[in-house]
Structure formats: structure tokens, C-alpha cells
Amino acid sequence: MRILVIGSGAREHALLLGLSQDPSVSELHVAPGNAGMEALARQHKVQVDDPAAVTELAQELGVDLVVIGPEIPLVAGVADALRAAGIAVFGPNKDAARIEGSKAFAKDVMAAAGVRTAHAEAIAPGAADAEIEAVLDRFGPTWVVKDDGLAAGKGVVVTPDRAAARAHIDAVLAAGNPVLLESFLDGPEVSLFCLVDGETVVPLLPAQDHKRVRDNDEGPNTGGMGAYCPLPWLPADGVQRIVEEVCVPVAKEMVARGCAYSGLLYAGLAWGAEGPAVVEFNCRFGDPETQAVLAMLKTPLATLLNAVATGTLADQPPLEWEDGYALTVVLAAFNYPDSPRTGDVITGAEHASVRHAGTARNADGELVSAGGRVLNVVGTGATLVDARDSAYAVISGIELPGGHYRSDIALPAVEGRISV
């Protein structure tokens with residue numbers, strides 16, 4: 001099988017690693033890729049959100065399957081163009097990708113499907129000051145303010161400060177996007193990836209992301225600073241409940257709307273007193289959870305993704321997983337998530353546990369930072385403590401001027417501080 005992966009982050013690096021270990025794969029390509037993918041796949045330049053350009057590249061390469069990593073090309077309709085050209089693709093069509101591209105659409109789907117989620121109200125660009133203040137009055141004491149569009153995981157502000165909530169509303173409206181205010185959902189967060197092929201839903205391992213930039217969940221939200229799986233504190237029937245109460249009803253509702261889902265549905269949930277409630281959906285593998293989850297997968301990845309792309313997921317045997325735990329820690333650039341500095345030389349990153357994200361080569365061939373989240377380190381082990389020790393042993397030996405990472409990924413779970 002010849003496969004083209006679209007994307008350039010640590011998620012795509014993890015996907016390529018998984019695909020490279022599947023005996024059915026004969027050839028791997030990636031567009032645009034990064035410096036860490038050089039040994040895994042042939043790299044190609046392409047505008048990832050240009051449906052015609054991606055389709056032309058896939059046709060030139062004669063690939064059997066295209067795996068789309070990021071949300072932007074999915075929302076732009078790249079999967080639609082590939083399917084129209086007769087190319088198998090892992091990733092939902094443009095209509096289905098609205099589950100991430102429009103928070104309002106996702107809320108409407110959940111309401112129709114009877115899925116528990118936060119109460120929400122929308123504010124449109126051009127709203128009067130009095131209208132904005134009235135909506136703010138109906139929420140709190142913790143405000144959840146979301147950009148109703150794509151914001152790479154950084155379009156959400158969760159704050160007890162009304163002035164900060166108002167400032168984010170004003171910034172989003174000024175950019176021409178609608179705003180969604182939501183009631184705050186209490187309880188620990190769970191990320192559950194599900195392979196979805198119409199009404200067939202197959203869950204992967206549950207994971208937990210760490211969004212805040214600093215230890216103890218302090219500082220602004222980021223695209224994710226680390227994750228681990230599985231979750232020792234999740235009830236034994238936790239995954240089953242999420243699938244039955246959230247993912248299957250949503251998949252069926254999408255079919256009923258004529259935009260059947262095909263690809264990876266990522267449910268971000270809060271597990272409160274009444275069980276799971278949806279915080280948000282994503283229409284693709286999440287980053288950094290993918291790095292941890294795929295490290296535990298034994299089932300051949302290419303075979304699995306191709307089954308989704310060709311409508312045969314229901315025919316696949318149950319997934320197989322490694323025993324133990326996996327954890328990933330993100331090394332971020334100086335001043336991330338605000339205005340990250342690029343071009344700094346990275347040393348010590350030549351390790352099998354490293355997944356590259358924002359990396360490149362300078363004129364001298366040195367590995368340098370080229371984005372906010374620069375790379376991940378993945379650790380596995382029989383226990384969560386072992387997985388933590390493995391990841392932190394490697395990342396502590398990587399040098400990046402001004403770089404920073406959290407030292408407490410999965411620590412609350414290790415110390416038994418998470419309960420439901």
C-alpha cells in the first residue's frame with residue numbers, strides 16, 4: 001500500500017511511525033512534513049488546504065490512501081476532492097468536518113442526538129455592547145469563551161475574570177468570527193478517539209491532555225503540552241459509556257443529516273457527577289494525545305485506517321493493545337504560546353522516543369526550531385510512573401535555548417489526585 005500523509009506536526013510523525021510498522025505498507029509520502037520525518041517518508045511541498053493541489057499530488061504519486069492529519073484541510077474540503085478523484089482517504093468530508101469547524105453546528109448535532117454538553121449562547125459580530133454584557137450576565141462565575149471556528153486549540157479562554165472574558169469576546173468579534181459562551185463543565189477531562197465509518201464506532205484508548213502552558217494547570221491554553229493513556233482513574237465502563245452516550249448517537253445523527261462521518265472523531269469530555277459531557281469535538285486525531293495512544297496500538301495502523309477509508313471498519317477484528325501506559329511531553333519554544341521564537345538550534349533530539357513538530361534544518365544542516373510546539377518525547381512503561389520516568393529522562397537531555405516543558409504531565413493521576 002502506498003500512502004500519503006498530509007501534515008507536518010508531531011501527530012503526523014506519530015502516524016508515519018505507526019504506518020511504517022505495518023507490513024502492508026510499501027511506500028510512505030508526507031506533505032509538507034518536517035525535519036524529523038526525513039528517514040520515514042519522501043517529503044513533498046503542497047498547500048495543505050488546497051483541494052486541487054493535494055489531489056494532484058496524490059495522483060502524481062499514485063497512492064492508494066491519503067491520511068489527512070490536521071483539521072484545516074478537512075474543513076477546506078480536501079477529502080471531498082480526493083474522493084471525487086477516486087482516491088481512498090482517511091478523514092471526513094467538508095460537511096462532516098463542521099463538527100470541529102463550527103461549534104454552533106456541533107451543538108446543534110448534540111441537541112438533536114440527545115448528548116449531554118454545556119449550555120451555550122452565541123454572539124455574532126456587530127453585537128451591541130448591551131447584548132454582550134447581558135450574555136455575560138447569564139454565565140459565570142467561570143466563563144468559557146470560544147472562537148466559533150478553527151483556532152488550533154487556542155481559541156478558548158476559561159477564566160473567573162469577567163474582564164478577561166470580555167476581552168476575548170471583543171478580540172474574536174473584531175476578527176470577524178462569532179463567539180460562543182458556554183457554561184463551565186466540572187470534572188476531569190477525557191479525550192476519546194473513535195474510528196467512525198458511518199454508524200460503526202470503534203474506540204481507541206482514553207487519554208488526558210494538559211492544555212495549560214505551565215505546571216499545575218497555570219497560564220494560558222495551548223495546543224497541548226502533554227498527554228497520557230490509558231486513564232487509571234476512569235470507571236471500568238467509562239469508554240463504553242462515552243461510546244454509547246456520545247459517539248454512537250452523534251454518528252447516527254450525522255448519517256441522518258446526510259453527512260455521514262468517515263475518519264477519526266475526537267470527543268473531548270468532562271466527567272462530572274452525572275458522567276460524561278462533551279466539551280468539544282475535533283474531526284481528526286488530537287495532538288498530543290495521538291503520540292501516546294499510537295505508542296500502545298498493536299493492531300496494524302495502515303490496515304485499520306484503510307478499512308475506515310474503504311467502508312469496511314465493521315469487518316475488522318477487535319483492536320489489540322500493548323500492556324501498560326504511554327505518556328508524551330511537549331518541548332515548546334521560547335515565548336510559546338504568545339509569539340514563539342524560531343531558528344534556535346536543538347541538540348540531543350536524536351532519539352527514537354522523539355516526535356518532531358516545529359522543526360527544520362538551517363543552512364548548516366543543524367536541527368532548529370520552526371514553530372511553537374517544537375517536539376514531543378514519548379515514554380512507555382508497565383506503570384504510569386515508568387512511562388513518566390522514561391519520557392522525562394529523554395527530554396531532560398534535549399537542549400533548546402529558551403525552550404520549556406511541563407514537569408507534571410500525568411502527575412495528578414500518579415498521585416491519586418483525580419477522582420470521578
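**Ground rules.** I'm working with a predicted model, where local features need pLDDT of at least 70, side-chain atom pairs count only at pLDDT 80 or more, and totals for chains, interfaces and linings use all residues. Residues are numbered from 1 along each chain as its sequence is written, and side-chain values use heavy atoms, with hydrogens and water left out.

**Pocket.** I get 20 lining residues, with L17, G18, Q21, L294 and A295 nearest the centre; lining means having an atom within 4 Å of a point. Helix 1 (10-20), helix 10 (289-295) and strand 21 (373-381) each give at least two residues to this lining. Helices (H or I, at least four residues) and strands (E, at least two) are DSSP runs, numbered from the N terminus. By class I have ten nonpolar, seven polar and three charged residues in the lining of this pocket. Ala, Val, Leu, Ile, Met, Phe, Trp, Tyr, Cys and Pro count as nonpolar, Asp, Glu, Lys and Arg as charged, and the others, Gly among them, as polar.

**Cavities.** Next I checked for cavities, sets of points where a 1.4 Å probe fits but cannot get out. I found two of 30 Å³ or more. The largest cavity holds about 40 Å³, and its lining has five nonpolar, no polar and five charged residues. Helix 6 gives the largest share of that lining, four residues. The second largest cavity has a volume of about 30 Å³, and its lining has seven nonpolar residues, one polar and one charged.

**Helix crossing.** How do helix 7 and helix 8 cross, left-handed or right-handed? Their axes (lines fitted to C-alpha atoms over the stretch in contact) come within 11 Å and cross at roughly 135°, the angle running from 0 to 180 degrees between N-to-C directions. That makes helix 7 oblique to helix 8, since angles under 35 degrees count as roughly parallel, over 145 as roughly antiparallel, 65 to 115 as roughly perpendicular and the rest as oblique. I note the crossing as right-handed (near helix turned clockwise from the far one by less than a right angle).

Technical notes: On a 1 Å grid over the protein atoms alone, a cavity is a set of points where a 1.4 Å probe fits but cannot get out, and a pocket is an open set with protein on both sides within 12 Å along at least five of seven lines; lining residues have an atom within 4 Å of a point. Grid points are joined across faces, edges and corners, and a volume is the space filled by probe spheres set on the points.
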